[in-house]
Structure formats: structure tokens, C-alpha cells
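Dear colleague,

Please find the structure below for your records. My notes on selected parts follow directly after.

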Amino acid sequence: MHHPPSLLAVWNWTVRKLRYLAVVLIFSHCQAADPSATVASVSFIHDVVPVLTKAGCNAGICHAKAGNGQNGFQLSLLGFEPQEDYDHLVKESRGRRLSLAAPEQSLLLQKASGVVPHRGGVRLPVDSEGYNQLLHWIRQGAPYDGASAPKLQSLEVQPDRGVAARGSSVRLQVWGLFSDGSRRDVTRLALFESNDPAMAEATPDGSVTIGQIPGKVAIMVRFEGQVAVHHAAVPLGEPVVTVPPIRNFIDQHLFRNLQELGIPPSPVCDDATFARRVALDLAGRLPSPAELDAYWATPQDQRRDWWIERLIASGEYADFFANKWTAMLKNRRDDASDITSNFAFYSWVRDSLLANKPYDTMVRELLAATGTVLSNPPVAWYKRVKDPKQQVEDVAQLFLGVRMQCAQCHHHPFERWSQEDYYRMSAFFTQVGRKPTSTRGEDSIFHKRGIATAVHVKTGAKLTPAPLGSPPLQLPPDEDPRLKLADWMRDPANPFFAKSLVNRYWKHFFRRGLIEPEDDIRDSNPPSNPELLLALESHFRDSGFDLKDLVRTIVRSHAYQLSSQPTGGNLVDQQNYSRYYPRRLQAEVLLDSVDDLTGSRTDFANLPAGTRAIALPDNSYNNASPFLRVFGRPENESVCECERIQTSSLAQSLHLINAGDVKAKLQNPLGRIEQLLKDQIPDDQAVRLLYRSAFARDPNEGELRTAIEYLQTVPNDAAGNPIDPARAKRENYQDLVWSLINTKEFLFNH
Amino acid sequence: MAERHFRSKSKLSPRLLRWTTLATLLPCLLSSQAVAQSVCLPLPRLLSITPMGGKVGSEIEVTIQSEHAEQIEQLRFHHPGIVATAIQDPATGEQLEDRFRVRIAPDVPPGLYEARVLCRLGISAARIFSVGTLPETIAPGANHSVASASQVQINTIVNATCTARAVDHFRFEAVAGTHYWIQCDARAVDSKLDPVLIVADSEGRDLVASRSGDRIDLTATTDGPMLIKVHDLTFKGGPGYFYRLSIQPMEAETTIPLTPSVQSVTSYSWPPEGLPQEAPLQEQSPEEAAGPSQTISLPCDLAGSFYPAADVDLYEFDGKKGESWWIEVASERLGRPTDAAVLVQRWVSAAEGQGEWTDLSELSDIPSPIKPSSNGYAYDGPPYETGSADALGKVELPEDGRYRLQVRDLFGGTREDRRNRYRLVIRKAQPDFALVGWGMHMELRNGDRAAFSKPLALRPGVTQPVEVAVFRRDGFAGEIELVMEGLPPGVTAQGLKIAAGKTRGVLLVTASGEAPRGIADAQCYGKAVIDGVEVRRPLRMAQMIWPVADAWSEIPVPRLVADLPVSVSPSEPFPLTLEPQESKVYEVVAGQKVAIPMKVTRRAEFSGSTLQLRTMGEGFEQMPRWDLPIQSDQVEAVIDTAALKIPPGDHALAFYGAAVAKYRYNPTDVEGSERVLKEAQEVANAVGQEVEKLNTQASQGTAEAKEAAMKQLQESQKKKEVAQQRVQKMTARHQAAKEKANPRDTAEIVVSQPIRIRVKPAEQP
């Protein structure tokens with residue numbers, strides 16, 4: 001029912017309106033009365049907005065419009081749209097946020113200082129510098145100087161780089177350079193952020209405290225949308241007397257960096273360790289005892305290279321890397337009918353890797369895919385990723401290492417990418433035509449003739465395609481813009497494409513990217529070893545984007561072959577690869593390894609018996625496999641490799657200790673243990689075989705003795721009588737294999 | 001308490017509550033009934049032939065698998081030089097229903113031929129049989145590992161079938177430096193298999209794989225064994241997943257020829273009448289993606305290819321103001337996975353030697369004459385795509401001057417395949433038409449997504465509708481008459497008129513209730529007058545390659561068939577016949593109503609008491625639906641020519657609807673199998689008694705008599721075992737026959753026999 005407004009409500013409404021009118025009148029009066037006030041006093045653009053930014057008011061979780069702005073108070077994210085912010089502050093909410101008549105009573109100040117309850121807490125204490133800046137600006141009549149204020153042209157941080165001892169501090173000073181030629185110290189208004197807080201921490205006033213971890217660290221400094229970076233090299237300072245022999249350019253750059261930082265490298269690992277490590281990294285599996293026999297039979301000076309070549313040529317290499325790529329390319333099954341397109345797409349990736357199709361060609365075939373899924377499987381990517389905006393974001397992150405998501409709605413806060421850059425990139429995908437096929441939910445893809453343009457969501461401008469950081473292209477309507485994008489991808493001048501891939505692959509082998517995260521390449525996130533990254537990038541490009549050559553080059557280097565055992569104080573090193581960083585085996589590899597060791601095979605729906613977990617085409621198998629879920633196999637929902645969970649958890653430990661599927665593998669009547677018993681293999685031989693299968697090495701004397709003793713134990717039953725010796729032997733073997741599975745040596749690649 | 005609480009809270013009246021409950025449950029009840037219903041009466045289908053082909057001039061033994069096809073009389077091929085004869089069981093002397101000896105005459109050209117069986121229900125749907133020049137073998141099977149790989153010979157076709165969740169392995173001896181062409185035909189020969197073909201080394205390590213091209217072109221680097229692996233893309237398998245594998249050495253740099261393939265339905269509209277087999281002109285720069293313009297003169301008939309990737313072929317010609325040209329490109333209809341498009345441009349001069357190409361027209365897909373199925377929840381159109389991704393259209397030249405065509409493949413941005421050829425034809429208007437038809441289907445129940453092949457295996461009393469799509473070329477808009485000839489006795493066909501401009505027609509094939517068993521190779525065509533001359537164009541028939549009960553679980557794949565056999569089998573009459581009382585032309589004056597007395601003949605029980613009928617026939621589709629009381633013997637259908645605005649002239653129409661009959665499959669087999677069972681039991685009993693008798697004899701009398709009796713006893717015991725086995729077999733068969741003959745609710749289209757009407761002009765006052 002509609003009630004007539006009460007007198008009180010009418011009165012309140014009138015008071016609010018009058019207050020707003022007063023603000024507007026006074027504001028207008030001030031502007032009219034003192035036009036020069038904006039020049040000499042507090043600047044909205046260069047003082048007020050930075051104060052709000054520094055106080056975090058316009059952060060995503062507070063009042064940023066991008067985060068929906070708490071309590072209806074919406075500011076542009078990080079102050080990128082000052083005109084809008086001014087309107088929100090002064091004109092919105094009937095002008096009650098500012099009180100020109102009584103500036104201290106302004107809601108803005110009262111909330112920010114906590115005088116009235118504020119869910120965001122005290123951001124600007126009364127009489128703090130920021131508080132006073134805002135107060136002064138309101139007292140001035142809250143003028144807007146967007147048109148007249150000089151523009152910030154660039155930002156300088158001093159010092160911009162240096163060598164800092166562990167535990168030391170550095171004080172940064174930040175200067176803004178403006179369009180009128182002026183230069184202003186903006187240190188107190190700038191934001192400071194470390195790219196690795198474990199290595200260095202920055203305080204709001206620009207003080208940087210260096211931690212105990214040696215390496216390269218960067219402090220990003222932001223002010224009004226500009227970014228500057230302070231680079232600090234933190235040496236360990238230990239003497240580096242010798243480094244392993246140089247096998248290729250990777251060793252040159254990596255060992256030079258270690259020498260510069262004074263981080264001694266661990267020695268090269270032994271052959272057994274290498275055999276296991278490289279098999280896991282290249283083919284996602286353990287070496288078999290028969291392969292190890294062949295490995296040891298190969299002359300020592302050729303052994304490692306022989307093994308590398310054998311692995312790179314294997315189908316498992318293609319399986320393993322296809323597993324990696326299809327997860328990022330979102331090959332997921334949402335409907336039972338997806339099976340054909342998912343299998344086709346997986347197979348296309350797998351076959352391309354097996355045939356060593358050049359990476360740029362693969363990307364081109366994917367980006368500019370046309371036709372039906374069966375006749376041209378990369379079309380399946382367009383079935384999975386339908387929105388042009390999602391397409392550009394995935395392509396940028398996956399193939400360029402650039403995260404564009406932010407730029408859809410606002411200027412990228414850490415980068416130079418604007419909304420215009422975003423929409424110009426998305427314009428490449430605007431001429432993707434679709435025709436229905438007889439398969440439900442599946443279209444064929446074609447190039448839809450026309451001038452490719454994307455509409456800027458804010459300005460409404462129709463933007464033609466432009467590769468990131470490049471001028472716009474004028475493409476005729478007949479040309480598929482995606483082909484032009486693919487051309488640009490492989491262009492030697494492209495600063496992202498090769499870099500992104502080599503960084504991603506480096507991380508695959510070394511646990512940490514030279515740029516970390518591996519898909520967040522930006523000026524403000526520099527690589528830990530720029531020279532090495534550049535050399536890898538050049539090598540990869542010069543090789544014709546040869547992926548097998550890249551992995552071969554990496555694993556042949558002594559840098560990759562270093563022992564994981566720390567030496568000479570390099571335990572603290574986390575980013576310079578002075579030793580091999582051990583990693584837990586990923587879910588699929590671990591499951592296959594358990595299968596290999598126990599002589600079992602996990603059964604996967606629709607797939608032939610014996611299919612390995614690393615060869616699963618999509619995510620659907622996770623549903624039926626608690627093992628894969630617990631160990632973090634991704635659901636192929638994200639373009640980010642971070643979707644795969646590589647951390648350890650209690651659930652994982654419990655699963656290995658006690659889960660039914662692991663027990664069933666140990667007790668498999670057709671498994672390895674039963675075979676050992678059936679063949680009556682002597683205990684010492686059996687133990688050696690199990691150690692080789694699990695660790696690619698023989699047991700040492702102590703291990704062998706302990707294991708044999710255990711195998712020959714006959715425990716008592718509940719009544720205290722010795723159990724049947726045959727049963728005891730079977731159970732002892734199961735215990736032995738169970739304990740091997742639960743060792744770190746088995747669970748980790750090291 | 002709970003109930004009281006519910007009542008006190010409920011605002012619904014008890015009556016409303018009952019209705020609500022009923023409304024909630026009704027869909028469940030209906031759906032359960034719907035699920036229990038079968039769709040379409042069974043029709044015979046030949047599913048597989050093993051081996052799937054044979055060498056010219058050879059004689060081979062084949063084994064067939066079929067559906068709804070018992071009492072097979074013949075295995076028929078669509079070439080008189082391929083003849084099958086029955087094989088008898090050497091043990092019993094009975095004819096083996098699933099095995100035949102096939103003789104391929106030396107003069108049979110290599111290619112693909114339709115094979116069908118003639119059985120109790122009549123002629124089956126077709127299956128492809130290949131005739132080639134290589135010897136053929138059948139893979140032994142169980143070759144699912146490197147160790148169990150089957151040895152195959154070079155220049156031999158291996159017929160094999162994939163097993164679900166398995167990979168077939170084959171081994172061949174490679175010679176270093178030899179170039180091999182490894183071919184795996186599957187979809188091209190009616191298989192369900194999407195083959196994955198992998199070449200591996202002798203240890204099974206994959207070297208190269210092909211997932212979509214069905215072939216691998218390989219040069220061996222070493223002497224010795226190599227492996228070939230074959231499996232389905234999604235590791236499906238079973239009888240429908242067959243393939244033909246061959247390994248043939250070839251000269252390097254030789255273009256691998258295209259192997260014969262079944263034709264997609266879309267290709268019915270190609271080629272235009274009178275087009276020569278080979279184009280007189282060729283693309284001049286087939287190796288260049290953006291080569292120079294090729295000057296042509298019109299009319300033009302040219303062959304080119306969409307090669308290399310992102311190929312754009314340019315053709316220039318001089319034109320005159322007012323000229324009209326029809327431009328047609330065929331590529332998809334040649335069996336290639338392409339999407340041709342043509343951009344027509346005109347050179348517009350700005351100054352001396354200056355100017356630019358301006359767009360005149362874009363020609364792209366050929367629209368489907370009949371809206372095909374969207375593969376949604378339920379049937380919303382035939383699962384036959386009759387348009388094409390090829391390009392066709394008319395261009396009118398606005399000025400004298402230079403014109404240019406850009407011919408490209410919208411699917412060809414990244415693909416490098418020389419086999420993606422096209423044919424470009426530019427001509428003055430040559431109005432014409434092409435026809436394709438298939439057994440008509442309609443929604444028979446909720447969520448009906450069935451897609452069955454429907455051979456013209458007629459039951460007496462049926463009128464089977466054939467849905468016809470009309471491709472109208474170069475603006476032809478005239479009427480088309482559908483004609484079917486060469487029918488077996490008791491069978492007639494009536495084409496419902498396809499009016500001017502219409503793109504869908506229906507042909508009704510009727511078997512009278514008394515039609516005798518028979519078969520004939522019919523001919524069907526459309527007849528029209530074009531430019532004052534009567535022309536006839538064949539009706540190409542299409543069928544589903546495999547019967548699909550639910551198009552969501554398996555995508556229906558149709559193709560064209562090369563023959564059109566029509567059979568009648570009195571084994572099972574059609575459950576319901578609706579026909580006009582008199583076989584005559586009913587006359588009516590325009591603007592008046594005419595009552596058609598109709599006769600109803602029932603031969604089964606039905607669910608429901610009425611059959612809702614719609615009307616087909618040009619001009620009659622808008623006739624209101626009406627209910628036919630199924631139990632009545634006679635009804636009267638009233639046609640209001642005024643309401644329907646039927647113009648004077650001769651017309652034909654038919655009524656149709658969906659009926660649910662209590663259908664029994666082959667009930668006579670219950671008696672037949674019972675009789676055979678009894679005979680078998682009698683034989684077994686007799687042998688049993690004899691054994692008992694001999695047992696007694698063997699234990700009595702002289703030693704000699706005992707010995708003789710023992711010998712006889714051993715033989716009789718063997719006979720007894722055989723007799724008992726036969727009893728077991730016949731018992732199972734009888735049980736199966738009874739099972740199949742249980743009445744089953746089966747929904748089927750019921751179409752009346754055509755009704756002919758002559759509308760006479762109203763007399764002018």
C-alpha cells in the first residue's frame with residue numbers, strides 16, 4: 001500500500017535538498033569568486049586523489065567502482081578516473097559527503113578518520129597529513145582542477161637499482177615529472193610494493209627492508225597510474241670457487257649470475273638421480289628397470305644425452321605436455337556430448353607435440369581455427385571459450401604472459417595497458433562467425449567478412465585491432481584479423497610471445513619461472529635473471545619456435561642437472577637455481593608412478609586398459625578418482641597453471657597412507673608383489689628391483705639389510721601364534737612397497 | 001500431526017490440491033508412458049558386411065549383420081556384376097542366413113556399391129560394398145598390443161573392426177627409403193568409426209598420427225618392422241566401427257588420389273545438368289595464396305583449389321551493363337570440409353589509370369530448402385541438411401567494365417590441403433532443379449529424437465511418405481510434379497504437387513492391402529516445364545547411415561544412396577489403413593465444401609480412441625486438425641475449399657497423424673519356432689530312447705553282441721548330444737521369438753491414401 005509521506009520525511013528530504021543546494025551554491029561561488037584557488041593550493045588531481053589512493057579508499061574491496069563500492073560510495077579504481085571521482089565526492093548522495101560550510105563535519109573526513117563508524121576502519125587519522133590535505137581542499141571550496149592541472153608524465157624512483165646486503169635497508173625517493181616541466185617529490189603519496197615480500201618489504205613511506213634471501217627483487221612504485229621500479233640485487237656473498245662445466249648458454253648466464261650474487265651452486269647430480277628427474281620432467285613417468293639397464297649400459301659420457309633423446313622422442317613426452325596445455329586451454333567436459341570435441345582437441349595438441357610442430361604454428365592454428373571440430377580440432381577451443389573478451393584475456397595470459405582482465409573495466413593498475421588496448425586486442429576476435437552443426441552446442445567457426453572493430457565500453461568508440469603495444473591495424477574486410485594476430489605473435493619484434501613460452505617452460509623444469517608468476521609479465525615484475533631470459537627467448541625464436549629443441553637445451557644444461565642437495569649456504573636461495581628445487585609429483589604423475597611401482601593400472605572410463613593418467617584427455621576423470629582430486633589435478637577451468645594444486649596437505653598424506661585405491665593397488669592379484677612371489681624372486685633381488693622402480697637407484701647396504709630383515713619377519717596373529725609364512729611374506733612385501741610410496745624420495749622429483 | 005499442520009498451512013482447497021497433485025504427477029506418468037513407447041515400426045537394415053569389399057574378378061565369402069531381417073532370401077548389390085549366392089551349413093544342409101558367396105565380375109569398375117538384403121519384411125536399408133583392385137583380407141582380431149600385432153602385407157586391404165576401449169595393432173615390413181601411403185577408410189564406407197591412425201616403431205612408440213585425414217604419408221627411414229595402430233577417436237567400438245586399412249608404396253611427390261567415398265546429402269544439388277566431368281579451365285596459380293588475378297571470359301567453368309592456407313583466388317572479367325550471371329562454387333558438395341565464399345567486385349575508375357575495387361555482391365552458403373533439425377529437445381525438422389556451405393547467387397552488372405571475383409574458403413585460414421578443390425561455374429541463367437528425398441519422420445512422442453533410415457519396405461495397407469527437398473537453381477520457380485515408376489504389383493505412388501516457388505514436397509507410396517510379395521527397382525523423378533520444355537530430374541534418395549534412437553547420444557549421419565528398390569511383404573500388414581471409399585477424383589465447385597467418405601481398416605489394437613489428423617498437400621496444410629475415431633469403420637472428411645481458398649484445378653492431399661499401435665514383431669515366428677522346437681524335442685526323445693535301448697543291449701547277451709551294441713551306443717550318444725544341443729538352441733530361439741512378439745506400444749506415422757480433388761470454377765452469376 002502506498003502511504004503518504006510523513007511530515008518528518010518531508011522535512012528531512014527538504015533539509016537534504018537544501019544542504020545539497022548550499023554545497024552547490026557555495027561551490028559555484030567559490031569557483032566564481034576565486035578562480036586562482038586551484039593553482040596555489042591543494043590539487044584535487046595531484047593531492048586529493050593520491051591521498052585517497054594511498055589510504056586505500058579506492059581499492060577494489062573498499063569503494064572502488066570495480067568492486068561495487070561499499071555503501072554506494074563509488075570511486076574509480078586507484079583513482080584512474082578523477083573526473084568521475086570528483087562527481088562522486090561532490091555531487092552524489094545529495095552532496096552530503098562534503099560540507100563546505102563546516103569542512104570538518106564532512107562525511108568523507110568523519111568516516112575516514114573514524115569519528116563516525118566506518119567499516120573500513122581509520123584510514124586518515126585526524127590531523128594526519130592526508131587528513132589535513134583533504135580538509136584544506138574542502139576549505140578551499142573543493143575545487144576541481146582536472147583541466148588546468150599539469151599532467152604527470154613519468155615517475156622516477158631513486159635509486160632505481162643497487163646492490164643491497166641481506167638485512168639492510170634502502171630509502172626510496174619518488175619524483176613525479178609533470179607536463180609543465182615541474183618536478184615534485186611524491187614519495188609520501190606513492191605506493192610501494194615488493195614483487196617478493198619474502199625477499200624485501202616496503203613500507204608506505206618508501207623504506208625497503210631487505211630480507212635474508214639472496215637474489216633479485218623489485219619494488220614497484222605507483223603514483224597516478226604511472227609506475228617506476230627499484231631493482232635490488234641481494235648477494236649471498238659466499239665465495240664461488242668453482243662452477244660446473246659450461247654446456248650451453250644457459251649455464252653461462254646462470255652460473256655468471258650465481259657468481260655475481262656469491263651463491264655457490266650445488267654439484268651436478270649423479271646419473272641415477274638424473275635418470276629419474278629428467279624422465280619425470282620430460283615424460284611424466286618413472287624410468288622402468290629395463291630402461292635403466294639400457295641407460296647404465298650406455299657409455300657414461302653419452303648416457304644422459306641418450307636418455308634425453310629417448311624421452312623426447314617418446315609418446316609420453318607428447319602425452320605429458322599435452323596434459324599441461326589442454327588444462328590451460330580449458331579442455332573440460334561439461335556435457336557428455338563434449339567427449340568427441342575434447343578427445344579431438346586433446347589429440348590435436350598431443351599429435352602436434354609428438355610431431356614437434358613449431359610452437360608459433362600451433363598457436364596460429366588455434367587462434368585462427370576455422371571449420372568443424374572433427375575436420376579441424378583446434379576449433380574446439382572456440383566451443384569452450386565463446387566470449388571475445390574471454391578469448392583475448394586467455395590468449396594474452398597464455399601466449400603472451402600478460403594479464404589483461406583488469407583493463408576491460410579500467411586502466412591496468414600495474415601496467416601500461418589501457419581499456420583501449422584491451423578492446424583493440426578483443427577486436428581481433430570480433431569477426432569470428434559461427435554456424436550451428438548437427439552436434440548440440442557445437443558450432444563450426446568461420447571468418448565473418450567485415451571490418452573488425454570492438455566497441456570501447458566507456459567511450460563507445462569503435463576500435464580497430466591493435467596488437468599489444470603496437471599501432472592499430474587497418475585490415476580489409478576480407479582478412480581474418482586472427483591471422484594478423486597470429487602473424488604478430490611470431491614476429492621477431494614481439495616482446496612477449498617467445499618470452500612467455502620460455503618462461504613457462506623454464507618454470508616447468510625449475511619449479512620457479514624467471515618471471516614469477518609465469519603469466520604476469522610486466523615492466524614492474526622483472527625477471528630474476530634478465531640476461532638468461534633474453535638468451536632463452538632468442539634461442540627459441542632462432543630455432544623456429546622448436547619446443548623439443550628448447551626442452552632439450554634446458555635439460556642438457558648443467559644448470560638443470562645440479563643436485564638438489566644444498567651446499568655452501570645456498571639453501572636460502574629460492575630464485576637463482578643454485579640447486580635443483582625439489583617438487584612434489586603432480587597428481588597424474590604420482591598416480592602413474594604408484595601404478596608402475598605396484599604393477600597396477602588405474603581404469604579410466606572409455607579409455608583402453610593401461611591408459612596412463614598423464615594421457616587423460618580432459619578433466620572428467622577427476623570425478624571418479626579421489627586420488628587425482630586430492631593431489632590437485634585441475635578442472636581445466638582456468639588459463640592459469642595455478643589452478644593445479646601443487647601444495648601438500650594432510651588429506652594427501654592420509655590418502656597415501658590409508659586410501660582404498662592405494663591399498664587395492666598393493667593387493668592387486670595381478671600386481672608386482674604377486675608376481676615377485678609367484679616367480680619366487682630372492683628377497684635381495686626383489687628389494688633391488690623395487691628400489692630401482694621407485695627411486696631409479698639400488699638400495700644402499702643399510703636399506704637392503706633392513707628391507708630383507710623386514711621381509712623375513714613372521715609376525716604373530718592376535719592369539720600370539722606366528723601367522724602363515726606365505727601370508728607374512730605377502731603382507732611384508734605390501735608393507736615394504738607402501739613405505740617406499742610414502743617416502744619423500746618417491747613423492748618428490750629431486 | 002504433520003498432515004494437520006500441512007492442511008492448516010495450505011491455502012489450497014482440497015479440490016485444487018487434487019488437481020495440483022495430478023498436474024504434478026501427470027508429466028511423470030506421461031513421460032514414463034512415452035519412454036515405454038517404441039518409435040516407428042521395425043524396418044530391415046543391413047548393418048555390416050565382412051569383408052566390406054572385394055577385388056575385381058574375385059569370389060569371396062562374406063558374413064553379414066542385420067537388424068529386423070530374418071528369413072533373408074537375397075543379398076543384393078547395385079550392380080549386376082556383383083552377385084551373391086547363399087551358403088549352406090555343411091552340417092545341417094540349411095541355408096546360412098548370415099553368410100554368402102559373392103562373385104565380382106571382372107568388368108565391375110572399382111568403386112562403391114549399395115548392398116541390401118531381401119528378407120521377411122522386404123528390402124533393407126543399404127550398406128556400402130567396396131570393389132577395388134587389391135586383394136582383401138580380414139584381420140584376425142585380438143591384436144590389441146604390440147606383442148599381438150597382426151602381420152599385414154603391402155598392397156592388401158585389411159578389413160577390421162575396432163573393439164571398444166582398445167587399439168588395433170598391425171605390423172608390416174618397411175623398406176628404408178620407400179614412400180608409403182597408409183589409408184584407413186571408415187566414414188567413407190559407412191562406418192561409425194572416426195579413425196585415429198598412428199604409425200609407430202617396432203616397439204610401439206608413436207612416430208606420427210593422423211586424426212582427421214584418414215591417411216598418413218610416410219617415408220621409412222630404416223628396414224624392418226613398423227607398426228600401425230588404429231582406434232576410434234573416443235575409443236568406441238563394436239560391429240559398426242569397421243574400417244579398411246591399406247599400405248601402398250608410392251612414388252615420392254606423388255599426389256595421393258582421393259579414394260571413393262559415400263556422398264553427403266548436400267551433394268544432391270551438384271552438378272548442374274550437362275556439366276562436363278572435367279572443367280575446361282584450371283586455376284593458374286594453385287600454389288600461391290595471393291597470386292595475380294586470372295583473366296577469364298564468361299561463361300566460365302574452372303577448377304581450382306583452396307591451397308595454400310588463407311588462399312584467395314582472383315578472377316577478372318569484362319562485363320556489360322545489364323548482364324546477369326549466376327555464379328556457383330562447389331567444394332563442400334565435392335566432399336571437402338570447406339566453406340566457399342565469393343566476393344564480386346567492380347573496378348571503379350577515379351582518374352586515368354586510377355581507381356579501386358568496390359564490392360558488388362557477396363555470395364555464400366546455399367540455404368537449406370527445408371529447415372533441418374536443430375537437434376533440440378524434440379523433433380523440429382528432418383535430420384537431413386539439404387543446403388550447402390558452397391556458394392551460389394546471381395550478380396547483375398551495373399555498368400560496362402572490369403569485374404573481379406575473390407574466391408576463398410572461409411574454413412581455410414590455417415589449413416594446407418591440396419585436396420580441398422573447388423569448381424567455379426559462371427553462367428547465364430539456366431533454371432533447373434534437383435531433388436532429394438527420404439522416409440519422412442515427424443514427432444511421435446515427447447523428446448522424440450529418432451533418426452532412422454526408412455527403406456521402402458512396404459507393409460500391405462501402408463502409405464509411406466517420402467519427404468522431398470527441392471533445390472531451385474538459377475531462379476527456377478515453376479511447379480514440379482513428382483513421379484515414381486517401376487513399382488512392384490499392388491504399389492502405387494502419388495506425388496503431392498510442389499507449387500511454384502515451394503521447396504518441399506511429399507511423395508506417397510502406397511501398398512494396397514492385398515499387395516503380393518514383390519520387389520522392383522523403381523525410378524523416381526520430378527517433372528517440370530522450363531522455358532516451355534518438359535524436363536525430368538531424378539529424385540536422389542537419402543538414408544541414415546546408422547539408425548539413431550536418440551540424436552543426443554549419437555549424431556545422425558545421412559548420405560545419398562544410389563538405388564531405389566521398393567518391396568512389399570505381406571508378412572506383416574500395416575496396422576491401420578485410411579483410404580477414400582472410392583478411388584476416384586472428387587469434384588467440387590470452388591468455394592464449396594466437399595465430403596470425402598473414408599474407409600478405416602484396423603489390423604491391430606491401438607492406444608487411445610482417436611487419431612488426430614493433419615493434412616498435407618499444397619493449399620491444404622491449413623485445414624483444421626480433426627479427430628478420427630479409431631474404432632469407426634467409416635468417417636467423412638469435409639474439405640472447405642472456400643476457407644482454404646483452393647483455386648480451380650486438380651489437387652491431391654492426404655491426412656496424417658501419429659498412432660500408437662500394440663505391435664507384435666513377427667508373431668508367426670512364435671508358432672514356427674515352437675514347431676521346430678517340438679520337432680527337435682521329438683528327435684531328441686527318439687535318440688534318447690535309442691540310447692537307453694542300446695544301454696540295455698550293451699549290458700546283456702554275448703560278448704560280440706555287447707561289443708556291437710557298445711559301438712552303436714557311442715554313435716547314438718553323439719547323436720543325442722547333437723539333438724540336445726539343437727533342443728537348447730531351438731528353445732532359446734523360441735523364447736526370443738515369444739519375447740519379440742509380445743505386444744509393444746509403438747508409435748508410427750499413419751498417412752491416408754492420397755485423395756484427388758478437382759476444383760471446378762464457380763459459375764459466374
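**Strand pairing in chain B**

In chain B, three strands form an open sheet in the order S42-S44-S48, with antiparallel pairing; strands are DSSP runs of E of at least two residues, helices are runs of H or I of at least four, and both are numbered from the N terminus. Two strands pair if DSSP finds at least two bridges between them. Strand S42 (576-580) and strand S48 (634-640) of chain B are the edge strands, each pairing on one side only. Direction ignored, neighbouring strands of this sheet are turned by 30 degrees against each other on average. S42(B) and strand S44 (residues 593-602) of chain B run antiparallel and are joined by five bridges. Within S44(B), B:Val600 stands opposite B:Leu578.

The model is predicted: local features need pLDDT of at least 70 and side-chain atom pairs count only at pLDDT 80 or more, while totals for chains, interfaces and linings use all residues. Residues are numbered from 1 along each chain as its sequence is written, and chains are lettered from A and ligands numbered from 1 in the order in which they are written.

**Helix contact in chain A**

The axes of helix H21 (residues 587-598) and helix H28 (residues 725-741), both of chain A, come within 11 Å and cross at roughly 155 degrees (axes are lines fitted to C-alpha atoms over the stretch in contact, with angles from 0 to 180 degrees between N-to-C directions). H21(A) is therefore roughly antiparallel to H28(A), a term for angles over 145 degrees.

A:Val594, A:Leu597 and A:Thr598 in H21(A) meet A:Val737, A:Leu740 and A:Ile741 in H28(A), contact requiring C-beta atoms, placed from the backbone, within 7 Å.

Yours sincerely

Note on methods: Parallel < 35°, antiparallel > 145°, perpendicular 65-115°, else oblique. Contact = placed C-beta atoms within 7 Å.
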